[in-house]
Amino acid sequence: MSWTRKTAAILIAVVAVIATFAVVSMDRSEAAASPEVGLDTAKQSAPAAYGSDGTGIWVSGQGTLSLPPDLARLDFGVEVSAPTVSEANSQASTAMDAVVEVLKERGVKDEDIQTSRYSVYPRYNYVEEEKDGIRSGKEVLTGYRVNNRATVKLRDLESIGEVIDEVVEAGGDVVRISNISFTLEDPKPKMAELREMAVADAKAKAEHLAELSEVTVGRLIYISEGGVSPSVRGFARESLDFAFAAPAAAAVAPSVSGGEVTLSLSVQAGFAIY
């Protein structure tokens, strides 16, 4: 290649480089002249911030429903003391059989009666004695105590007081009723509604926090569901203890109210932010 051709090629390359720098400078000038466009573009291209370091918004959501109960659980039993184990066990069995028979007459099924505890304990008296001028004490066996406890499911909530009265009358002086609680037999049909409420609550909290913090809520990144917890709201758990059965002529059915059962479900949620 002649010297003239080499010179021309060099000049063409230099001109191309100068033109490239001119185009870049012009683009930067236009971006600087339109700051709003630059900010919008940057905001749109910025990724949602949410990492393992906790960046983002973490909230909990709660769903709550108050409903009338449809099931009662009655904890009852018989407690008998006698000189021998066989005698105590025989008396306890007779009393428990009488109570179970009353429950079955009320329509309670076998599968709704469950033994929760059965125990046999020796009974002792502490006796002091003196021998050779030295006083001492010892335990003397006086008999045995049999405790047979069970839990029964009752679905006719209107007649619970009458059932308790009949149980006490059938079992006699050895009957013990320790507790009654109310609940929903199957909360599953309410789960979908509880989830909707809990997720909506979480979203509302996240949006409020974002507004207060002057950021924008992004997509849902994480969510976890807690368990459902039924409880009786507004009423203490009924505690009943019948040491003796009232005479049939004077028997008055106790007043028992189920109140409301509160179903609660919680979720933990994480949202990205911009």
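Is arginine 135 buried or exposed, and what is its relative accessible area? Arginine 135 is exposed, at 56% (exposed means over 50% relative accessible area, buried under 20%, partly exposed in between, with a 1.4 Å probe and protein chains only).

This is a predicted model, where local features need pLDDT of at least 70, side-chain atom pairs count only at pLDDT 80 or more, and totals for chains, interfaces and linings use all residues. Residues are numbered from 1 along each chain as its sequence is written, and side-chain values use heavy atoms, leaving out hydrogens and water.

**View 1. Glutamate 128 and arginine 135 form a salt bridge.** Here the closest N and O atoms lie 2.9 Å apart; a salt bridge is a side-chain nitrogen of Lys or Arg within 4 Å of a carboxyl oxygen of Asp or Glu. Glutamate 128 is exposed, with 52% relative accessibility. By this rule, the model has nine salt bridges.

**View 2. Arginine 106 pairs with glutamate 162 in a salt bridge.** Their closest N and O atoms are 3.0 Å apart. The pair links distant parts of the chain, 56 residues apart: glutamate 162 sits in helix 4 (residues 160–171), and arginine 106 in the loop between helix 3 (85–105) and strand 3 (113–131). Helices (H or I, at least four residues) and strands (E, at least two) are DSSP runs, numbered from the N terminus. Both residues are partly exposed, glutamate 162 at 41% and arginine 106 at 34%. Salt bridges link Arg106, Glu162 and Glu166 in a network.

**View 3. Lysine 104 meets aspartate 110 in a salt bridge.** The N to O distance between these side chains is 2.9 Å. Lysine 104 is partly exposed, at 39% relative accessibility.
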